Amino acid sequence: MVGRDLMIVVVACVGLFASPFTQAAHPGPAQASAAGEVAKDVRAVPHAQAFDPRTYQDKVAGPLTQVLVLGVPHLSGTPEDFDPAVLEPLLDRLQAFAPDLIAIENLSGESLFTLQAYAPVYPDVADMFGSRFLTLAADARAVAGIASLPEAEAAVRRALGEAGADPSPSQRRRLALLFLASGDPNSAVVQWWRLPETERKPGEEMPEALAAALDRFAAGRNESRMIGARLAARRGLERVHPMDDQSAVDVVLPVFEALAEAVKADAEISARLARPEFVRLGTAVERLDTPARTLATMRELNRPESGVLDAYSQWLVMLDREFPMATGRVRMAEWESRNLRMAANIREASAAVPGGRVLVVVGSAHKPWLDAYLGLMSDMRVVDALEVLE
């Protein structure tokens with residue numbers, strides 16, 4: 001019945017938006033009137049003007065969905081004695097932005113499941129980017145009695161719907177378990193942190209060994225937890241949204257070694273990468289040692305000039321010279337595909353908060369690309385990160 005009902009809706013929509021030229025040869029008065037209105041609209045558009053979804057932004061019913069892309073250095077590169085307190089001025093400003101949804105640079109359970117299912121095409125890729133997630137997921141599914149990642153994802157969605165606006169501690173522990181089982185441990189951390197400290201304890205919904213594993217994961221040095229999950233818990237959100245993608249890595253794997261050798265042998269590329277201003281971007285994580293320097297570093301990374309410098313120094317350089325087997329262009333195809341899919345995942349997630357505010361926490365190299373792609377959406381306005389970080 002679901003498939004049939006969906007087909008009816010699709011047919012209805014096709015009829016609603018069809019060109020007047022696809023209507024019956026003898027349209028009724030209503031059809032003729034509608035056709036006339038469409039014809040007037042078409043004539044009003046200059047023939048030289050190509051389609052641009054951004055031109056519809058001022059016609060959206062209600063406020064545009066706002067999206068803030070925060071480019072950050074990967075916090076996994078901080079020293080073991082890194083003090084998360086230096087992030088507080090940043091978190092305060094992000095809290096003031098008041099995001100309704102937070103997207104993070106991690107693979108979803110769905111992506112990991114697909115990479116596993118296509119392991120002959122993506123050898124070791126799922127483990128490379130999600131081994132810890134998959135281990136936690138398998139342990140949690142064994143506790144929950146759930147057979148697969150897709151079944152766990154379905155269980156999470158049902159549980160969120162049943163829990164309502166104010167889940168009990170028992171429901172939150174159950175949600176943490178199900179998020180773990182679905183391959184989304186960062187959202188499990190959000191549920192865990194939303195519990196009062198006295199309720200973050202082992203029990204029927206969360207066995208002792210799994211609770212300890214979740215605590216260890218939550219304590220890791222990673223922006224998805226230190227910024228994304230932490231802010232989600234403070235904002236009273238139920239989850240974060242993984243939006244990374246590695247499904248294009250198969251195009252670059254066969255040429256990766258040849259590309260690495262070609263880049264290494266290119267003196268001009270080496271010179272670009274050695275420029276002090278680019279090296280400064282790459283060593284940003286070393287300047288996260290005080291609250292003031294951390295905030296200043298985040299501002300620096302999110303300046304448009306920094307995005308342009310990064311894009312031209314390490315990515316677009318792949319296109320302006322000949323590489324063996326066009327490996328540079330292959331690498332750029334993978335990089336752009338990844339960013340486009342990340343943007344698509346963010347756009348899809350934003351459907352949950354139309355007219356709301358979306359925060360994206362992502363490695364700074366992705367920021368200029370995501371700003372550009374998300375800025376093309378018909379119902380999105382890209383927020384200037386510097387305005388938020390002031």
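This is a predicted model: local features need pLDDT of at least 70, side-chain atom pairs count only at pLDDT 80 or more; totals for chains, interfaces and linings use all residues.

**Entry 1: α3 and α10.** I started with helix α3 (residues 88-97) and helix α10 (residues 223-235), whose axes cross at roughly 50° and come within 11 Å. That angle makes α3 oblique to α10. I checked the hand of the crossing too, and for α3 and α10 it is right-handed. Next I listed who touches whom: α3 brings E88, L90, L91, L94 and Q95, while α10 brings M226, I227, R230, L231, R234 and R235. Sorted by class, the contact of α3 with α10 has six nonpolar residues, four charged and one polar.

**Entry 2: α5 and α7.** I moved on to helix α5 (residues 125-144) and helix α7 (residues 169-181). Their axes lie 7 Å apart, and the helices pack at an angle of about 130°. The two are therefore oblique to each other. My tally for the contact of α5 with α7 is nine nonpolar residues and two charged, with no polar ones.

**Entry 3: α5 again, now with α9.** I stayed on α5 and turned to helix α9 (residues 208-218). Here the axes cross at roughly 155° and come within 11 Å. Why call the pair roughly antiparallel? Angles over 145 degrees count that way, so α5 is roughly antiparallel to α9. The crossing of α5 and α9 is left-handed. On the α5 side I noted R132, F133, L136, D139, A140 and V143, and on the α9 side L210, A213, R216 and F217. The contact of α5 with α9 divides into seven nonpolar and three charged residues, again with no polar ones in the count.

**Entry 4: empty space.** Rolling a probe the size of a water molecule over the atoms shows where empty space is left. How many cavities of 30 Å³ or more are there? I get one. The largest cavity holds about 50 Å³ of space. I then wrote down its lining: L281, L301, S306, G307, D310, S364 and A365. Helix α16 (residues 304-315) gives the largest share of that lining, with three residues. By class, the lining of the largest cavity comes to three nonpolar residues, three polar and one charged.

**Entry 5: to revisit in the viewer.** I'd like to go back to α5, with α7 crossing at about 130° and α9 at roughly 155°.

Terms used:
Residues are numbered from 1 along each chain as its sequence is written. Side-chain values use heavy atoms; hydrogens and water are left out. On a 1 Å grid over the protein atoms alone, a cavity is a set of points where a 1.4 Å probe fits but cannot get out, and a pocket is an open set with protein on both sides within 12 Å along at least five of seven lines; lining residues have an atom within 4 Å of a point. Grid points are joined across faces, edges and corners, and a volume is the space filled by probe spheres set on the points. Helices (H or I, at least four residues) and strands (E, at least two) are DSSP runs, numbered from the N terminus. Ala, Val, Leu, Ile, Met, Phe, Trp, Tyr, Cys and Pro count as nonpolar, Asp, Glu, Lys and Arg as charged, and the others, Gly among them, as polar. Axes are lines fitted to C-alpha atoms, for helices over the stretch in contact, and angles run from 0 to 180 degrees between N-to-C directions. Angles under 35 degrees count as roughly parallel, over 145 as roughly antiparallel, 65 to 115 as roughly perpendicular and the rest as oblique. A crossing is left-handed if the near helix is turned anticlockwise from the far one by less than a right angle, and right-handed if clockwise. Contact means heavy atoms within 4.5 Å.
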